[in-house]
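The sequence and the model are shown first, and the notes follow by topic.

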Amino acid sequence: MAAVNNERRDDRSIGQLLKELTQESSTLLKQEVDLAKTEMSEKASRVGANLGEVAVGGAVALLGAIALLLAVTNGLASLLSKFMSPGVAVWLAPLIVGGILAAVGYSMIKKALATLKQESITPQRTTQSLQENKEWLKQKIS
């Protein structure tokens, strides 16, 4: 049966071969476009999730700063007033607490941005598939 298929393929004219090549190339191109769309959609989704993490990190840092400033600042001011004048302790305590919270928030944002920088927007699978298709087309033509 394989010999029959080979004979039938050999009996085709150049016009038929070109028609088949055109149809197969068209189908292949449509599939590649679909693959690229899917891959870019996946990458956009991951980038969106990482941007969401950046926003959540910033919000957590802000909310933490507000909540802790009230409680910790009063406690720290009370503690500092034993070693210095209450006037200095009142402004030094929020400065210390705010600096610590800002550092924590910065580290969260820095981590999420590092993850974003590692994300490539190039559709890797599509690029690889196009290379394979290029080789396939070369074999079909020759």
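Which side chains meet in a salt bridge? They are those of glutamate 42 and arginine 125, at 2.8 Å from N to O. The model is predicted, so local features need pLDDT of at least 70 and side-chain atom pairs count only at pLDDT 80 or more, while totals for chains, interfaces and linings use all residues. Residues are numbered from 1 along each chain as its sequence is written, and side-chain values use heavy atoms, with hydrogens and water left out.

**Salt bridge**
- A search of the whole structure finds one salt bridge, defined as a side-chain nitrogen of Lys or Arg within 4 Å of a carboxyl oxygen of Asp or Glu.
- Glutamate 42 belongs to helix H2 (residues 14-80) and arginine 125 to helix H4 (residues 124-141), so the pair ties together parts 83 residues apart in sequence. Helices are DSSP runs of H or I with at least four residues, numbered from the N terminus.
- Glutamate 42 is partly exposed, at 34% relative accessible area, and arginine 125 is also partly exposed, at 40%. Buried means under 20%, exposed over 50% and partly exposed in between (1.4 Å probe, protein chains only).

**Asparagine 50**
- Asparagine 50 lies in helix H2 and is buried, with 9% relative accessibility.
- Beyond its neighbours within four places in sequence, asparagine 50 is in contact with Ala112, Thr115 and Leu116; contact means heavy atoms within 4.5 Å.

**Helix H3**
- Helix H3 (residues 86-118) has 33 residues and reaches 49 Å from first to last C-alpha, close to the expected 48 Å. The expected span is 1.5 Å times one less than the number of residues.
- Buried residues of H3 include Ala112 and Leu116.

Conventions. Helices (H or I, at least four residues) and strands (E, at least two) are DSSP runs, numbered from the N terminus.
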